[in-house]
Amino acid sequence: MSDSRDFYQVLAVRRDATPQQIKAAFRKKAMCYHPDHNPGKEAWANRKLTGIIEAYEVLSDTDRRYAYDRHLIQAEVMVRRKNTAHRSKSVSQYMVDIMRHRATPSWARKVAFAFVFFDYYTKETRKVK
């Protein structure tokens, strides 16, 4: 099973597609990318058709489709966790956390206070001039 491609995107169907919709999409794509219909580009068409056939074999079999869907959901969850786990907060996000009384590190409270104080101070000094 190819991990880098989404078989639903290969066949251009939704994830809740019926077996009849999957079969119709397969036939349409197979006709479009068949090597006989693409003279001069047989190697390219063969590669595309192989991917389409692989996608159809997985999605047409109920057990394999269920396993593929579970695998796809787990991969999406891992990507979401990876993207949110390593994202560092900005000073303004720490300030929002402080205002909402969430637990934040002491250094973040000091930085947020300094940020607010100096921002206010610079605005006030600009008004005087």
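With which residue does D16 form a salt bridge? In this predicted model, local features need pLDDT of at least 70 and side-chain atom pairs count only at pLDDT 80 or more, while totals for chains, interfaces and linings use all residues. Residues are numbered from 1 along each chain as its sequence is written, and side-chain values use heavy atoms, with hydrogens and water left out.

The partner of D16 is R14, with the closest N and O atoms 3.2 Å apart; a salt bridge here is a side-chain nitrogen of Lys or Arg within 4 Å of a carboxyl oxygen of Asp or Glu. D16 is exposed at 53% relative accessibility, and R14 is exposed at 60% (buried means under 20% relative accessible area, exposed over 50%, partly exposed in between, with a 1.4 Å probe and protein chains only).

The count comes to three salt bridges. R15 pairs with E76 at 2.6 Å between the closest N and O atoms. This pair links distant parts of the chain, with R15 in the loop between helix 1 (7–11) and helix 2 (19–33) and E76 in helix 4, 61 residues apart (helices are DSSP runs of H or I, at least four residues, numbered from the N terminus). Through shared partners, salt bridges join D6, R15 and E76 into one network. The D6 to R15 bridge has its closest N and O atoms 3.7 Å apart; D6 is buried at 15% relative accessible area, whereas R15 is partly exposed at 39%.

Helix 4 (residues 62–85) also holds R65. R65 is buried yet has no salt bridge, and the nearest side chain of opposite charge, D69, is 4.1 Å away.

Terms used:
Helices (H or I, at least four residues) and strands (E, at least two) are DSSP runs, numbered from the N terminus. Lys and Arg count as positive and Asp and Glu as negative; His and the chain ends are not counted.
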